[in-house]
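Here is a short report on one structure. Look at the model first, then read on.

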Amino acid sequence: MATGFGGNGSSSCKYKCDTAANTLQWIKAIADFIRPYSFLINAPVVNFFKDRLWEAVDEEWMECLRKEHVKNLLLIPSGAVQEYWPDSLKKFIRTSRSLAFGREQADLQMVLPGWCIASLNTVLSQGMNQKKKHEVEVLSAIISLIASDLKSHAIVDVGAGQVTLTFITVCKMAQVLSFHYKHSVLAIDACSHHGNVTSARSERIKKYYSAQIRKSGLETNNLRLPKAMTFHVLSVDALKSLANMSLQDDHADKTSVTGDDLEKTNRQESKGLCRSGKEPSLVLAGLHACGDLSVIMLRTFVECKEVKAVINIGCCYNLLSEYGSDYEGVQNGFPMSFGVKSSGLFLGKSGRDLACQSAERWRNLENEGGVHNFELHAFRAAFQMVLYKYYPEVVATCPSVGRQGKALRRRKKREAALSSQCHEDKLEASQSDLIGGLPDKSNAFSHTISDYGSTPCEQAKSVDKYLLFENFCQSGLNRLGLQSLQDMDYYGIWMDNEPFAELIGPYWSLRAALGPVLETCILLDRLLFLQEQGESLEAMLLPIFDPDLSPRNVAIIARKFGAT
């Protein structure tokens with residue numbers, strides 16, 4: 001069986017997902033493994049200092065890892081261990097890795113005979129970075145192959161309308177499928193602005209292709225644009241309603257319509273289909289469809305006879321609704337399958353957040369990036385202590401201060417440059433000291449930092465981190481709309497908690513080792529949902545992207561038997 005088709009990418013792995021029974025066995029193995037580590041999965045890491053979360057972890061593990069080099073901590077989610085680590089720690093890391101679905105890019109030409117990637121020209125790839133270009137080139141070739149094999153009337157390209165970069169990729173995917181592969185494409189999204197962007201960009205691309213065709217002396221009549229449609233509430237019913245739309249002969253100037261226009265369009269186009277005796281054949285595709293959107297796509301594939309195939313790469317598991325949670329609904333995002341529902345497995349908000357952690361991203365972080373990330377977690381946990389002490393009523397609302405990493409990283413770079421200059425100045429001062437005594441300003445500096453640590457190096461580091469922490473707190477309060485109080489003791493809170501800050505790196509690395517396992521559980525649940533539908537369809541999990549470029553690289557590809 002090809003890599004990624006029925007196993008986890010490793011020929012020696014004992015877990016398979018080629019049948020519903022094997023998939024459920026794998027899921028149960030994951031459930032048994034993670035159960036004793038619920039304290040790691042469910043821990044609110046913002047309370048790291050307040051609840052002394054490190055004390056719940058095996059003391060031998062923490063003592064071993066607290067002085068470990070950052071690069072070794074960053075490799076833990078990838079399953080890398082050091083021989084001198086405790087046996088129980090090595091077993092935990094290796095078992096986590098063995099239960100995670102393999103991410104090595106599959107040999108797509110072997111798994112999907114006839115697949116051939118085409119490099120995009122500069123017009124279609126304009127504005128794409130290396131990651132997006134790679135994703136669009138690989139996925140569009142897969143979608144085109146399946147759509148051609150099924151002789152589909154149209155491809156429905158689903159966007160999330162929640163993340164701008166995600167939608168930009170979706171609209172460019174639609175344009176590649178339309179202009180390069182000559183398919184009829186409908187790009188749908190929850191944001192009307194995104195639909196307008198798609199239409200405007202498509203018009204620009206059409207002008208380019210029209211000019212190229214005229215230069216070749218050919219007619220441009222068959223050059224079609226992808227149509228953009230807006231759904232403010234994207235649901236299974238909304239997607240199913242698209243099944244009556246045939247875009248094969250559509251060349252209308254209007255390429256952006258809303259859900260309000262759909263009923264009228266359906267009546268007109270379904271009449272044409274009835275006269276022609278053709279049944280619509282659609283392929284549903286979505287690249288990094290956020291949260292429940294991936295679930296909606298899979299349910300639509302199962303429930304709508306006109307949808308013959310689905311290609312989906314999910315993301316943003318933190319946005320999934322879950323049975324038994326505050327966001328519980330009639331059809332939850334997790335679990336989807338009857339098998340997992342019957343098992344009573346519950347991930348929770350923290351578990352779904354953790355499923356977003358990528359071993360590849362951890363592994364590819366440079367040491368400086370790893371240290372910076374651990375510092376941010378320390379600052380956030382210490383900031384939580386500030387909130388508990390001065391704003392207890394705010395803590396009850398579970399506040400989010402957003403991502404402050406980039407701003408702090410820029411500030412650190414500026415301060416590093418200043419520190420380098422300071423080092424040169426101190427070097428000159430030391431040379432002066434050897435000749436004739438220490439300058440008064442150096443004595444004053446030594447006196448100023450003497451209260452912060454035991455050695456000059458430790459003292460300087462402590463001061464630098466405190467200043468960054470103070471800046472983090474002020475930014476956090478501003479984002480929460482809170483005023484800083486006059487008697488706030490940032491320094492005291494930081495100095496009380498800084499001795500334990502070195503434990504955050506080991507703690508987060510151990511948590512991150514569980515991330516790929518939890519994501520595997522979500523993916524297997526979706527696969528099992530499809531397998532439970534019986535022999536009418538085939539489905540597989542396939543890692544289609546280079547994981548170093550695109551870590552969220554596992555696609556669910558399914559098609560109905562007899563759909564040709």
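## Helices α16 and α21

Helix α16 passes helix α21 in a right-handed crossing. Right-handed means that the near helix is turned clockwise from the far one by less than a right angle, and left-handed means anticlockwise. Helices here are DSSP runs of H or I with at least four residues, strands are runs of E with at least two, and both are numbered from the N terminus.

The contact brings together A378, F379, A382, M385, V386, K389 and Y390 of α16 with Y490, I493, W494 and N497 of α21. Contact means heavy atoms within 4.5 Å. By class, nine of these residues are nonpolar, one is polar and one is charged. Ala, Val, Leu, Ile, Met, Phe, Trp, Tyr, Cys and Pro count as nonpolar, Asp, Glu, Lys and Arg as charged, and the others, Gly among them, as polar.

The axes of α16 (residues 367–390) and α21 (residues 490–497) come within 10 Å and cross at roughly 125°. Axes are lines fitted to C-alpha atoms, for helices over the stretch in contact, and angles run from 0 to 180 degrees between N-to-C directions. The two helices are therefore oblique to each other. Angles under 35 degrees count as roughly parallel, over 145 as roughly antiparallel, 65 to 115 as roughly perpendicular and the rest as oblique.

## About the model

This is a predicted model, in which local features need pLDDT of at least 70, side-chain atom pairs count only at pLDDT 80 or more, and totals for chains, interfaces and linings use all residues. Residues are numbered from 1 along each chain as its sequence is written, and side-chain values use heavy atoms, with hydrogens and water left out.

## Two partners of helix α22

Helix α1 (residues 20–34) and helix α22 (residues 504–531) have axes that come within 9 Å and cross at roughly 150°. That makes α1 roughly antiparallel to α22. Their crossing is left-handed.

The crossing of α5 and α22 is left-handed. L89, F92, S96 and L99 of α5 touch L510, A513, L514, V517 and T520 of α22. Seven of the residues in this contact are nonpolar, two are polar and none is charged.

## Cavities

The structure holds four cavities of 30 Å³ or more. A cavity is a set of points, on a 1 Å grid over the protein atoms alone, where a 1.4 Å probe fits but cannot get out; lining residues have an atom within 4 Å of a point. Volume is the space filled by probe spheres set on the points, which are joined across faces, edges and corners.

R97, R103, Q357, S358, A359, E360, P516, E519, P551 and R552 line the largest cavity. The elements giving two or more residues to this lining are α15 (359–364) and α22. By class, the lining has three nonpolar, two polar and five charged residues.

## The loop between β6 and α13

Two backbone features fall in one loop. P335 is found between β6 (307–315) and α13 (338–343). A cis peptide bond joins F334 to P335, with omega about -10°.

C316 is found in the loop between β6 and α13. Its phi is near 50°, a positive value in a residue other than glycine.

Key
On a 1 Å grid over the protein atoms alone, a cavity is a set of points where a 1.4 Å probe fits but cannot get out, and a pocket is an open set with protein on both sides within 12 Å along at least five of seven lines; lining residues have an atom within 4 Å of a point.
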